[in-house]
Amino acid sequence: MKFISKFLFTLTLVITVVLGQHLKDVEIEAKVNELLHQMTFAEKVGQMTQFSGTNKRYEQMIREGKIGSLLNVIGAEVNNRIQKIAVEESRLGIPLVIGLDVIHGYRTIFPIPLAASASWDTVLIRKAAEIAAKEAASAGIHWTFAPMVDIARDPRWGRIAEGAGEDPFLGSAMTRAQVLGFQGKSLADPLTLLACGKHFVAYGGAEGGRDYNTVDISERTLREIYLPPFKAAVDAGVGTLMSAFNEISGVPTSANQFTLRKILKGEWGFDGFVVSDWNSIGELVAHGIAKDRLEAGVKGLTAGVDMDMEGRCYTTDMEALVADGTLSDGLIEDAVRRILRMKFKLGLFEHPYIDENLQKKLILHQDHIQTALELARESIVLLKNEKDVLPLNRKELNTIALIGPLADDKDAPLGTWRCQGKQEDVVTVYEGLKNKFGDDVKIIYAKGCDVKNNSRSEFNKAIKAARKADVVVMVMGESADMSGEAASRADLNLPGVQAELINAIAETNKPIVLVLMNGRPITLSNIESKVTAIVESWHLGIQHGNAVANVLTGDYNPSGKLTVTFPRSVGQIPIYYNHKSSGRPNNPSDKFTSKYIDLPSSPLYPFGYGLSYTEFRYTGIEVENNRLLSTDELVVSVNVKNTGKRGGDEVVQLYIRDMVGSVTRPVKELKGFQRVALEAGEQKTVQFQIPVRNLGAYDLDMNYTVEPGEFGIMVGGNSVNVLTTTVEVVRLK
Ligand code: NOJ
């Protein structure tokens with residue numbers, strides 16, 4: 001009885017919520033139609049137009065209904081003032097939607113997305129996005145151009161820093177977490193942001209890793225590798241997507257009817273809107289598929305780009321094309337409808353202004369800084385730890401030599417796209433270590449060299465410092481401007497003379513702990529054997545120094561795992577774990593197999609890899625049922641035991657391999673992961689439940705199917721060392 005009434009109660013609740021939402025949607029559609037009906041052509045293209053910054057001319061255009069959106073205008077006061085022009089002085093009073101690149105925090109800067117993904121912690125990543133949204137929204141921002149969900153298999157590409165690495169499954173999980181974090185429970189909540197999955201699509205596939213470059217990929221690779229995180233964004237309710245700069249196999253993505261119209265708005269039923277990237281419609285002229293901006297505008301709009309960012313391609317000149325039938329009025333109506341719908345969903349018509357007092361209360365709130373520290377710690381990946389040099393034993397230590405251009409640098413930790421992040425908020429590694437050690441341990445600091453220039457004049461000072469120390473901590477890597485947009489590199493070694501300085505310090509025979517700060521995998525083969533430990537700390541945001549100090553001293557046991565492969569050499573790129581077998585898989589004793597003659601094919605550090613100060617032992621992989629229908633669930637369990645002396649977190653990863661299919665399949669594909677906390681000596685049984693449907697692939701006709709046959713199931717703490725079993729998928733009778 002109790003059960004039935006509880007069930008009925010839940011059912012009523014669900015119906016009320018669903019119906020309530022539906023009614024709201026119906027209301028919104030009615031309001032959108034009403035507005036559309038009243039709009040002139042100029043007002044319609046106005047809604048489809050976005051400009052950066054503000055000035056008197058733009059403000060007059062807003063008054064005339066010729067701009068629907070701005071980006072890069074920051075601060076509650078200024079945004080309220082401009083919004084007032086739109087709402088109170090324009091004919092129809094349609095509010096502006098104001099966007100900004102809030103990528104990894106607004107003022108409280110979190111780790112860059114590539115770093116954060118190494119935490120594999122979707123809960124914390126969602127929380128960080130929620131905080132970023134609160135801070136930015138309090139400054140009058142409604143919309144963030146994030147998350148960047150581009151899969152990146154080429155570390156030369158500087159924008160690898162902005163995404164979650166090389167894997168579509170992990171990328172999808174990170175996408176979902178960020179979209180839910182930014183958008184919260186309701187877009188109408190004034191402290192949430194409209195999210196934007198970008199850059200649609202395959203922008204990360206740039207040839208040679210050179211930003212903005214050509215992409216030439218098959219439909220299969222598009223669907224299997226690059227599209228899934230975008231689908232995850234749509235499934236999580238993302239309100240907008242951004243069309244990219246690149247072409248795919250001859251068709252620029254900002255004029256691509258196949259990806260935008262057919263897949264996104266057709267197959268996936270996306271009802272939000274698409275904004276172009278900065279002038280990416282205008283660039284159709286340089287791509288060579290439009291003779292001028294007007295033709296570019298027609299191509300962009302026809303493909304399904306609803307809003308033109310800084311391209312000046314959607315103009316009233318289009319009216320004549322509508323009149324002569326070249327352009328369908330329906331396309332314009334559809335674009336405006338999508339944009340207005342989102343403005344209603346954001347509640348901008350009811351509450352166009354933000355309370356100006358919120359900024360002070362929210363920005364850099366103590367809780368936000370605490371979350372920044374937690375995520376920064378979890379993002380650190382321990383790559384090497386010989387002779388257990390780490391954690392540093394403060395009882396046995398008298399003196400540390402702290403060397404390197406980034407050891408006391410307040411800029412690099414902010415990374416690319418630091419939004420309103422300020423150097424004054426940053427804790428450097430030097431400061432972090434001082435916070436931890438106080439007067440207990442002497443720290444001799446010597447910069448040694450710069451990141452980029454080749455001066456060796458400070459080498460001697462650094463060598464002297466090393467001689468006086470028990471251990472040397474070297475903080476090296478890339479400055480913030482060396483990754484992110486337009487920051488591709490052809491050489492991935494430590495820049496400048498940093499490697500040389502490591503070699504010089506190594507001559508002292510002191511143990512060296514190398515702390516890396518970088519926005520992408522770098523090649524370490526030239527110095528790896530010279531150092532005792534390597535701590536990958538990326539660009540961790542304002543709490544960088546405290547997080548690193550926590551790890552170096554063992555107050556936090558590192559748990560991060562790489563979400564991108566570290567190559568031995570640039571020549572191995574592209575290198576990624578989920579590659580195909582080839583007809584001649586690498587066999588060391590057979591020359592005529594797929595390999596290099598001058599390097600192993602394996603990476604220096606594989607996907608999923610990361611050490612801890614304790615050890616985890618995997619045993620007893622089991623499947624609940626080894627004959628499965630495609631409608632079943634695959635249930636896999638494994639025992640994970642902490643066999644070391646301290647507690648720690650382990651990221652348990654599950655991979656599959658479709659052994660024989662109608663098309664070739666990757667040798668491994670991530671299909672599940674879990675972060676588990678284990679005390680010293682503790683053992684847990686970790687269970688994965690995976691719908692068999694998720695094991696499928698696109699067949700010869702590009703239909704997603706789970707083909708019957710054998711699947712390898714692998715579980716482990718990285719993509720190489722795994723326990724293996726198999727299951728059989730059988731045909732539905
Ligand atoms: C160009 C970048 O590609 C994109 O990611 C960003 O959102 C826009 N500029 C706006 O700043």
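This is a predicted model: local features need pLDDT of at least 70, side-chain atom pairs count only at pLDDT 80 or more; totals for chains, interfaces and linings use all residues.
Which helix gives the most residues to the lining of the second largest cavity? H6 does, with four residues. Residues are numbered from 1 along each chain as its sequence is written, and side-chain values use heavy atoms, with hydrogens and water left out. Helices (H or I, at least four residues) and strands (E, at least two) are DSSP runs, numbered from the N terminus.

**Cavities**

- On a 1 Å grid over the protein atoms alone, a cavity is a set of points where a 1.4 Å probe fits but cannot get out, and lining residues have an atom within 4 Å of a point; grid points are joined across faces, edges and corners, and a volume is the space filled by probe spheres set on the points.
- The largest cavity has a lining of 16 residues, with His142, Pro190, Leu346, Leu348 and His351 lying nearest its centre.
- That lining comprises 10 nonpolar, five polar and one charged residues, where Ala, Val, Leu, Ile, Met, Phe, Trp, Tyr, Cys and Pro count as nonpolar, Asp, Glu, Lys and Arg as charged, and the others, Gly among them, as polar.
- The second largest cavity holds about 160 Å³ of space and is lined by 18 residues, of which Ile103, His104, Ala116, Ile125 and Gln178 lie nearest its centre.
- Helix H5 (113-117), helix H6 (122-138) and helix H7 (168-183) are the elements that give two or more residues to the lining of the second largest cavity, which has 13 nonpolar, five polar and no charged residues.

**Pockets**

- A pocket, in contrast to a cavity, is an open set of points with protein on both sides within 12 Å along at least five of seven lines.
- The largest pocket contains about 1100 Å³ of space, and of its 37 lining residues the closest to the centre are Arg223, Glu224, Pro228, Lys671 and Tyr704.
- At least two residues of the lining of the largest pocket come from each of H7, H8, helix H9 (228-235), strand E21 (669-678) and strand E23 (697-698), and by class the lining has 17 nonpolar, six polar and 14 charged residues.
- The second largest pocket contains about 760 Å³ of space; of the 24 residues that line the second largest pocket, Ile575, Tyr576, His579, Ser601 and Ser602 are the closest to its centre, and the lining divides into 10 nonpolar, 10 polar and four charged residues.

**Helix packing**

- Axes are lines fitted to C-alpha atoms, for helices over the stretch in contact, and angles run from 0 to 180 degrees between N-to-C directions; contact means heavy atoms within 4.5 Å.
- Helix H8 (residues 219-226) packs against helix H10 (residues 257-267) at an angle of about 50°, with their axes 14 Å apart, and the two are therefore oblique to each other, given that angles under 35 degrees count as roughly parallel, over 145 as roughly antiparallel, 65 to 115 as roughly perpendicular and the rest as oblique.
- Glu219, Leu222 and Arg223 of H8 make this contact with Phe258, Thr259, Lys262, Ile263 and Glu267 of H10, a set of three nonpolar, one polar and four charged residues.
- H10 also packs with helix H12 (residues 293-303), at an angle of about 30° and with the axes 8 Å apart, which makes H10 roughly parallel to H12.
- In that pair, Gln257, Leu260 and Arg261 of H10 meet Leu301, Thr302 and Ala303 of H12.
- H6 and helix H16 (residues 366-379) pack at an angle of about 145°, with their axes 10 Å apart, and the contact includes Ile125 of H6 and Leu375 of H16.

**Backbone geometry**

- Most residues other than glycine have a negative phi, and most peptide bonds are trans.
- A cis peptide bond with omega about 5° joins Ala146 and Pro147, and Pro147 is found in the loop between strand E4 (143-144) and H7.
- Another cis peptide bond, with omega about -5°, joins Leu390 and Pro391, and Pro391 is found in the loop between strand E11 (381-385) and strand E12 (399-403).
- Lys387, placed in the loop between E11 and E12, has a positive phi near 50°.
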